[in-house]
Structure formats: C-alpha cells, structure tokens
Amino acid sequence: MSSGILPPAPSGGPVDDNAVVDAQLMAAQTRGGFWHDVFQRLRRSPVAWIGAIIVLAFLLVAALAPLLAPYPAESLPGQRFITPTDIPGPGEMAEFPLGLDRFGGDVLSKLIWGAQASLQIGVISTALGLLGGMFLGLLAGMFGGWVDALVMRFVDILLSVPNLLLAVSIAAILGQSQLAIMIAIGASQVPVFARLLRASMLQQRGADYVLSAQTLGLSRRSITMTHVLPNSVGPVIVQGTLTLATAVIDAAALSFLGLGGGLPQTAEWGRMLTYAQAELAIAPWLAFLPGICIAVTALGFTLLGESLREAMDPRTRAR
C-alpha cells in the first residue's frame, strides 16, 4: 500500500471531515514530523516570505547599527545648519541624505540606531511577558482546582485594564527609563500568554498519550513537563511572534508620551515622533520617516506571525 494516500470513502457513505483531517495530518507527520511540515508550508507562503524579509532586514539593521550609521547615536553633527525657520530636509545636503532634526542630529543615523533601541525593547519586553504568562498558565494548567481559579481571577483583573493603559500606569510608577518601558510592556502581555497556555494545556490533557502516561503511573509533574507542556507551547510561540509587533508599537507609544527617559536627542523612533510634532509645518519628514519604520516593522512581525499560525493550524495544514 502506498504511504500518504487516504483510502477511498465507502460508496454511498458520508465522509467524516475530522477523520480526513486527522489522517492527512498523520501522513504529513509520518513523512517528516510536525515542525518539518510547518517549515515546508512557510516556505510555500508568499506572505511568510514578505514578513521574514522585513523582519530579517530590521534585525540586520539593528545588529549592524554601529557599522551602518554614519554618526553616533546621540551626536549632533548638523547643529550649525539649523535655524529657527529652516531645517535641512532629505536630499538638500549630501552628508545628511535624510536631512536633520531640530537638534542637528542626522535623521538617517537616528533611524538606524532607533531600530536597535526598538528591537531591544521589543524582544526583552516580550520575553518578560512570555516568561510571566507561561509561569501563570503552567500553574493553572498543571494543578487546576482552586489554583486555576485563583490564577485566572488575577489574569482577569489584568485583562480588565486596556493593555496600553496598564503599561502607561506601570511605566509611570517605575519612572522614566527604558527598563520601566520593558517591564510595563511585558506586564501588559502576561495575561494573553497565561490564558493561551492554560487553554492549550487543558486541551492536551484529554489526549490519548496523556491517558496512556497516567495508566503507566507517571506523576502529574512528569506528565505535565514531559508531555503536555511541550505539545502546548506552539500557540504561545505564534502569539509571541505577533506580540513583538505590538511591543514595537507600544514602545513607540510610551516614548511618544515621554515615559522613555533619556535625552531629547536620544535615537528612538517614538521619541523622534514626540519632538517632530512641533516641526510638522516646516519639517513633516521628521514624523513621516520614523512612523513608516514603526509601521513596516510591525507589519513584518504580523505577517510572519500570521503565516506561522496558519502553518500550525490543523485545519489549514490539512489542505
């Protein structure tokens, strides 16, 4: 019998869609495993390629900022060219291809260094939210009962407050600094990861392999850490990718509100937007360029995350 081919349905009988999906998924996993199949679907997705290219470009610019940026992050090489009524714009001066800002900083250099700052804030804040959410979700999914109820009520309280408002409140309490922004954004993401991991673990607890492990006499801790948790983190990983886009936007928003600390000439996209407000009439590019960087970066993470979610979805993987 040839492998990977479904047997024909009995003549005159209805086809069970769930059985077809399960059989196709089993055949795919037999050929190369779950993650191999996910990777192959991502390779065939144009949306995934677009998202991956954007994200890779963002990561390379952030990592190579010291080599790519013409000037240091907080240097003001064009101060002498700034007047109260005129700011040199893109293409007006060869040494400053994207023009200058109000303080005399090179806009191109600040955009490049701003990518590094945004990546640092986005990755660290998402990691903090992921670790905190997985810890709470693991507690709820492992023990259940009153532990589950207590953890979920705490999560519900956090969810009752809008993410940005919660982040602003935490950042205002901790003080104006990048560390405060990272903690604030991470804390606002904890409820999402906690509920997602808990739901995934509850779904896995009724699987056949868990019942088999229980029959063999394995402890609850062993079953959870060895079997249930590894099979439940897939949706959490996808959500983490999508949350990176939100983290970049939230970091820009908090910096825009003046909660990021630092000097006015600090290279960070949200801070660039803050100080561009007063110059919109004479230098609109100062707001347009960092805004485009924020939007494109968030789009890249979103496209990659959505493609990963679709590749891991059993219903779409079966097609």
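User: What pattern does the protein chain follow along the sequence?
Analyst: In this predicted model, the chain reads α-α-α-α-α-α-α-α-α-α-α-α-α-α. That comes to 14 helices and zero strands.

User: OK, and what share of the residues is buried?
Analyst: Of the 319 residues in the protein chain, 43% are buried.

User: How much accessible surface does the chain have, and what part belongs to carbon and sulfur?
Analyst: About 16,600 Å², with 67% of that belonging to carbon and sulfur atoms.

User: Switching to rings. How many aromatic pairs are there?
Analyst: Five aromatic pairs. One of them is phenylalanine 58 with phenylalanine 301, edge-to-face, at 6.0 Å centre to centre and 85° between the planes.

User: Which helices do those two lie in?
Analyst: Phenylalanine 58 lies in helix H3 (residues 46-63) and phenylalanine 301 in helix H13 (residues 285-312), so the pair ties together parts 243 residues apart in sequence.

User: Are they buried or exposed?
Analyst: Phenylalanine 58 counts as buried at 6% relative accessibility, and phenylalanine 301 counts as buried at 6% too.

User: Which aromatic cluster do they belong to?
Analyst: Phe58 and Phe301 form one aromatic cluster with Trp269.

User: What about phenylalanine 81 and phenylalanine 96, why is that pair edge-to-face?
Analyst: Their ring planes sit at 65°, and edge-to-face takes over 60 degrees. The ring centres are 6.1 Å apart.

User: Where are they in the chain?
Analyst: Both phenylalanine 81 and phenylalanine 96 are in the loop between helix H4 (65-68) and helix H5 (107-143), 15 residues apart. Phenylalanine 81 is partly exposed, with a relative accessible area of 26%, whereas phenylalanine 96 counts as buried at 2%.

Note on methods: Residues are numbered from 1 along each chain as its sequence is written. This is a predicted model: local features need pLDDT of at least 70, side-chain atom pairs count only at pLDDT 80 or more; totals for chains, interfaces and linings use all residues. Side-chain values use heavy atoms; hydrogens and water are left out. Helices (H or I, at least four residues) and strands (E, at least two) are DSSP runs, numbered from the N terminus. Buried means under 20% relative accessible area, exposed over 50%, partly exposed in between (1.4 Å probe, protein chains only). Accessible areas come from the Shrake-Rupley method with a 1.4 Å probe; for residues, only the protein chains shown count as cover. Rings of Phe, Tyr and Trp (its six-membered ring) pair if their centres lie within 6.5 Å; planes under 30 degrees apart count as stacked, over 60 as edge-to-face and the rest as tilted.
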